[in-house]
Amino acid sequence: MPNQLAIASINVVLAGTGEGTVATDRPIREDQLETLGVGDSFRAASAFEGKLGQTTLLPEQDPVVIAVGLGGPEVTEPAVRSAAASVWRAAKHLKSVTSLLPLTTATELGAEVALQATVEGMLLASYRYDELKGTPEEASVLEQVTLVVPDGIESDAVLAKAEAVANAIALTRDLVNRPGGSLSATQLADEAVNAADRTGLDVEVWDRERLTEERCGGILGVNAGSTEEPRLVRLTWRPKGESRGTIHFVGKGITFDTGGLNLKSFEGMKEMKIDMGGAAAVIGAMAAIAAHSPDLTVIGTCCCTDNQPSPTATKPGDVLNIRNGKTVEVLNTDAEGRLVLADGLSLAAEEEPDLVVDLATLTGACLVALGSQYAGLMGNNDNAIDRVRAAANKAGERLWHLPLPDEYRKQLDSDVADLRNIGSGRFGGTLVAGLFLQEFVDETPWVHLDIAGPVTTEEPEAEFPKGATGFGVRTLIEIVNNW
Ligand code: BES
Ligand code: MN
Ligand code: ZN
């Protein structure tokens with residue numbers, strides 16, 4: 001796995017040290033502008049307002065001083081990550097930078113949290129997807145980052161944790177950024193196996209033959225048009241001692257979504273390498289979770305195949321047999337994500353875990369409803385929904401609770417099978433997809449995250465360069481940490 005996080009070295013020093021650096025930062029909250037330590041004329045002339053992530057160079061300072069906005073009045077963990085990302089960007093053409101961010105924000109957040117957020121923000125801002133470049137892009141020259149922290153903090157342990165999280169998100173981003181032609185279901189499964197081997201997770205991979213034996217007709221039906229084999233990957237973290245419970249994550253792993261025989265237009269198809277973003281988030285999160293050694297059993301199931309048209313492809317009107325015994329009339333082969341998830345959710349629910357969370361780039365309608373920055377959240381259990389919302393809030397990942405209205409369930413009634421895979425109406429596509437998935441979880445507490453929007457970003461923002469964001473990884477980690 002190429003390491004795409006481009007900071008050569010991070011070291012931690014105590015307040016009062018950290019000499020000989022090219023630049024330092026000066027973190028400043030919006031309501032503290034007058035303490036910036038520069039004259040009124042500079043303040044009047046500068047557009048710097050202390051807004052979150054804003055940076056400016058202060059005049060006539062040696063070493064260079066980068067003022068960085070913290071926003072405010074409250075400083076949060078996601079805000080520190082964002083500010084740290086801005087410091088990295090402002091300093092990336094310098095040889096070294098010393099950051100006061102972890103010291104300045106330690107009183108409000110706690111020293112460990114402040115340090116971890118700073119390291120994560122800088123590492124994630126330095127992420128580049130360059131594994132397919134023939135001529136490598138010019139590297140940033142920032143080699144040495146020095147972080148100033150208060151006394152009495154276990155900085156080595158915090159650095160290791162931050163690096164585990166950043167590496168997990170970088171892995172997720174790499175997988176999502178990788179084109180469909182370079183990431184078959186088999187290759188995606190291999191990446192999951194590698195991640196498991198690196199981090200000490202158990203892993204099991206089902207090929208086409210095993211999926212047939214296990215009656216996973218949803219995955220097989222989506223795969224029917226492909227020359228590539230499907231894969232179901234199951235990653236497991238098993239605690240050494242007694243387990244306090246079981247959480248099961250399920251990811252949509254469509255390595256490329258052409259739409260199948262209901263072929264997408266070019267406009268609709270060109271981004272569809274991202275359609276395994278749910279599976280990639282599950283793989284990244286499982287890797288980071290293993291590094292935290294929780295006393296819970298955590299399982300990640302990824303349902304992987306591409307969706308292709310061909311004479312052997314599933315045809316509109318065909319009926320598939322899902323793992324849990326329900327039959328589905330496929331009236332649109334482009335509504336494939338819910339078919340592979342139907343098997344994945346059935347498998348998860350069979351084991352009656354305490355919580356199932358699925359992540360999927362499931363519907364374009366979710367982008368219409370919530371725009372590109374919010375994931376849609378649906379679920380069958382208020383407590384489960386509350387927990388996932390709280391985790392996302394802490395993680396700084398935006399999502400919005402949508403309903404699963406009983407009134408719309410009849411849109412999924414089929415004349416020939418138990419269910420149809422698309423609604424009979426034109427509207428509410430995200431909710432109808434959620435209602436479809438609900439048919440495969442029984443009474444198990446379950447939350448569905450439609451991440452079609454935030455899986456990528458067009459506009460680089462804070463610690464998110466253009467392209468894959470790694471959305472979901474942090475929320476899954478927080479769910480486990482707060483269980
Ligand atoms: N992978 C797409 C959803 C998608 C669209 C994700 C845009 C990210 C950006 C999904 O498989 C799909 O094609 N959904 C259809 C469902 C429809 C046929 C009911 C859609 O959204 O149009
Ligand atoms: Mn589709
Ligand atoms: Zn899809």
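Trainee: Which residue's side chain meets Arg128 in a salt bridge?
Mentor: Asp130 does. Keep in mind that this is a predicted model. To call a salt bridge, look for a side-chain nitrogen of Lys or Arg within 4 Å of a carboxyl oxygen of Asp or Glu. For Arg128 and Asp130 the N to O distance is 3.7 Å, so the pair qualifies.

Trainee: How far apart are the closest N and O atoms of Asp275 and Lys252?
Mentor: They are 3.1 Å apart, and the two residues form a salt bridge. Now find each partner along the chain. Asp275 sits in the loop between α10 (266-269) and α11 (277-292), while Lys252 sits in strand β9 (residues 246-257), so the pair ties together parts that are 23 residues apart in sequence. Both Asp275 and Lys252 are buried.

Trainee: How many salt bridges does the count come to?
Mentor: It comes to 27 salt bridges. Some of them share residues. Glu77, Arg81, Glu120, Glu463 and Arg474 are linked in a network of salt bridges.

Trainee: Let me look at one member of that network. Where is Arg474, and is Arg474 buried or exposed?
Mentor: Arg474 is in helix α16 (residues 473-481). Arg474 is buried, because its relative accessible area is 9%. Next, list the neighbours. Setting aside residues up to four places away in sequence, Arg474 touches Arg81, Glu120, Leu124, Val165, Ile169, Ala395 and Glu397.

Trainee: Which domains does the assignment give?
Mentor: The chain is assigned domain 1 (9-149) and domain 2 (178-481). Their C-alpha centres lie 36 Å apart. The contact between them takes 14 residues from domain 1 and nine residues from domain 2.

Trainee: What is the area buried between domain 1 and domain 2?
Mentor: About 960 Å² is buried there, and carbon and sulfur atoms give 45% of that area. Then check the polar side. Between domain 1 and domain 2 there are five residue pairs in polar contact. The count of salt bridges between these domains is three. Look also at Arg81 and Glu463, which form a salt bridge with their closest N and O atoms 3.5 Å apart.

Trainee: Which elements give two or more residues to the side of domain 1 that touches domain 2?
Mentor: They are α2 (77-91) and α5 (111-125). Helix α2 gives the most, with six residues. The residues on this side of domain 1 divide into seven nonpolar, two polar and five charged.

Trainee: Now the backbone. What should I look for?
Mentor: Most residues other than glycine have a negative phi, and most peptide bonds are trans. So look for the exceptions.

Trainee: What is the phi of Glu60, and what is the phi of Ala462?
Mentor: Phi is near 50° for Glu60 and near 45° for Ala462. Both values are positive, in residues other than glycine. Glu60 is in the loop between β3 and β4. Ala462 is in the loop between β18 (456-457) and β19 (467-468).

Trainee: And is each one buried or exposed?
Mentor: Glu60 counts as exposed because its relative accessibility is 82%. Ala462 is buried, with a relative accessible area of 17%.

Methods: Residues are numbered from 1 along each chain as its sequence is written. Chains are lettered from A and ligands numbered from 1 in the order in which they are written. This is a predicted model: local features need pLDDT of at least 70, side-chain atom pairs count only at pLDDT 80 or more; totals for chains, interfaces and linings use all residues. Side-chain values use heavy atoms; hydrogens and water are left out. Helices (H or I, at least four residues) and strands (E, at least two) are DSSP runs, numbered from the N terminus. Buried means under 20% relative accessible area, exposed over 50%, partly exposed in between (1.4 Å probe, protein chains only). Contact means heavy atoms within 4.5 Å. Domain bounds come from an automatic or database domain assignment. Buried area is the accessible area (1.4 Å probe) that two parts lose on being put together, summed over both. A polar contact is a pair of N or O atoms within 3.5 Å; within protein, one must be able to donate a hydrogen and the other to accept it, and residues adjacent in sequence count only if both atoms are side-chain atoms. Ala, Val, Leu, Ile, Met, Phe, Trp, Tyr, Cys and Pro count as nonpolar, Asp, Glu, Lys and Arg as charged, and the others, Gly among them, as polar.
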